[in-house]
Amino acid sequence: MPTKVTITTLDWVPEFAHGYVRDIRIRWALEEIGRPYDVDTVPVQEKTPEHFSRQPFGQVPMLKDGDLSLFESGAILLHLSEDTALMPVGDDRARTVQWLIAGLNSVEPYMMQWAIAKFFDEDEAAAARFEKSLRERLSMLQDALAERDWLVDRDFTVADLFMADILRIPAANGMLDDLPKLAAYVERATARPAFGRAMTDHMAHWHAADAKKAAASA
Ligand SMILES: N[C@@H](CCC(=O)N[C@@H](CS)C(=O)NCC(=O)O)C(=O)O
């Protein structure tokens, strides 16, 4: 019987972030591997020394697995995937880690600089500049995926979970409309029942957080 882990996420976020706080990646992986979990929260406003002692940048997600406390969604996913169907063995293990790091280092930063300019800074000129470089990255990624369903060989791995989660934001903003193979890749990944369960629970968390906030200010 797999042991329960605890995911830590934020106690509240504005509506535009619903669906995208990175605890969704961890929930998705846990649903894929059938490992039970609890969720606890840290305040988004008043960050505590205890939070910084577990996450030096005061962010989420964090994971507790027994005595082990981890931060960084990529590191958490690599940890949880060991010895599961999300992580192949042999050379394909190395290829899976390679693609997960490509997501972290060669795709997500392009997505994030565009998303920060567009949604946080509301700087349309910067967003347009960053959109150009993001679109170039996405096109190169589609070329690399070629005719395959998944990044590594024939099976869905933790690298696909990570990459598809990154691509959901560009997909939701029409940036995959002219990249049909990449759009189909994201649809294939997010059609997995494990993603559906994870997203249902993720959204329920934010709806409960909104209700609690409304009750507190009533
Ligand atoms: N590289 C980190 C990024 C973590 C991150 O950006 N977390 C966001 C939520 S998705 C956060 O905690 N935002 C609140 C803040 O930065 O104060 C990871 O992948 O875990």
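User: Is D153 buried, exposed or partly exposed?
Analyst: In this predicted model, D153 has a relative accessible area of 42%. Buried requires under 20% and exposed requires over 50%. The value of 42% falls in between, so D153 is partly exposed.

User: Which loop holds E122, and what is the phi of E122?
Analyst: E122 is found in the loop between α4 (91–120) and α5 (124–145). Although E122 is not a glycine, its phi is positive, at about 50°.

User: Is E122 buried or exposed?
Analyst: The relative accessibility of E122 is 61%. The cut-off for exposed is over 50%. E122 passes that cut-off, so it counts as exposed.

User: Which residues are around the ligand, and how does the shell divide by type?
Analyst: Around the ligand are V21, R22, K47, Q59, V60, P61, E72 and S73. Sorted by type, this shell of residues around the ligand comes to three nonpolar, two polar and three charged.

User: Which residue has a side-chain N or O atom 2.7 Å from a nitrogen atom of the ligand?
Analyst: Let's go through the contacts one by one. An N or O atom in the side chain of Q59 is 2.9 Å from an oxygen atom of the ligand. V60 uses a backbone N or O atom, 2.8 Å from a ligand nitrogen. The residue with the 2.7 Å distance from its side chain to a ligand nitrogen is E72.

User: How much of the ligand does the protein bury, and in which pocket does the ligand sit?
Analyst: Taken alone, the ligand exposes 520 Å², and the protein buries 76% of that. As for its place, the ligand sits in the largest pocket.

User: What is the omega of the peptide bond from V60 to P61?
Analyst: Both V60 and P61 are among the residues around the ligand. P61 is in the loop between α2 (49–54) and β3 (62–65). The peptide bond from V60 to P61 is cis, with omega near 5°.

Technical notes. Residues numbered from 1 in each chain as written. Predicted model: local features only at pLDDT ≥ 70, side-chain atom pairs only at ≥ 80, totals over all residues. Heavy atoms only, no water. Near = heavy atom within 4 Å. Polar contact = N/O pair within 3.5 Å; in protein donor to acceptor, adjacent residues only side chain to side chain. Areas by Shrake-Rupley, 256 points an atom, 1.4 Å probe, with all protein chains shown as cover. 1 Å grid on protein atoms, 1.4 Å probe; cavity = no way out; pocket = protein on both sides within 12 Å on 5 of 7 lines; lining within 4 Å. Sits in = over half its atoms within 2 Å of the grid points. Nonpolar A, V, L, I, M, F, W, Y, C, P; charged D, E, K, R; others polar. Helix = DSSP H or I, 4+ residues; strand = E, 2+ residues; numbered from the N terminus. Buried < 20%, exposed > 50% of the residue type's maximum accessible area, 1.4 Å probe, protein only.
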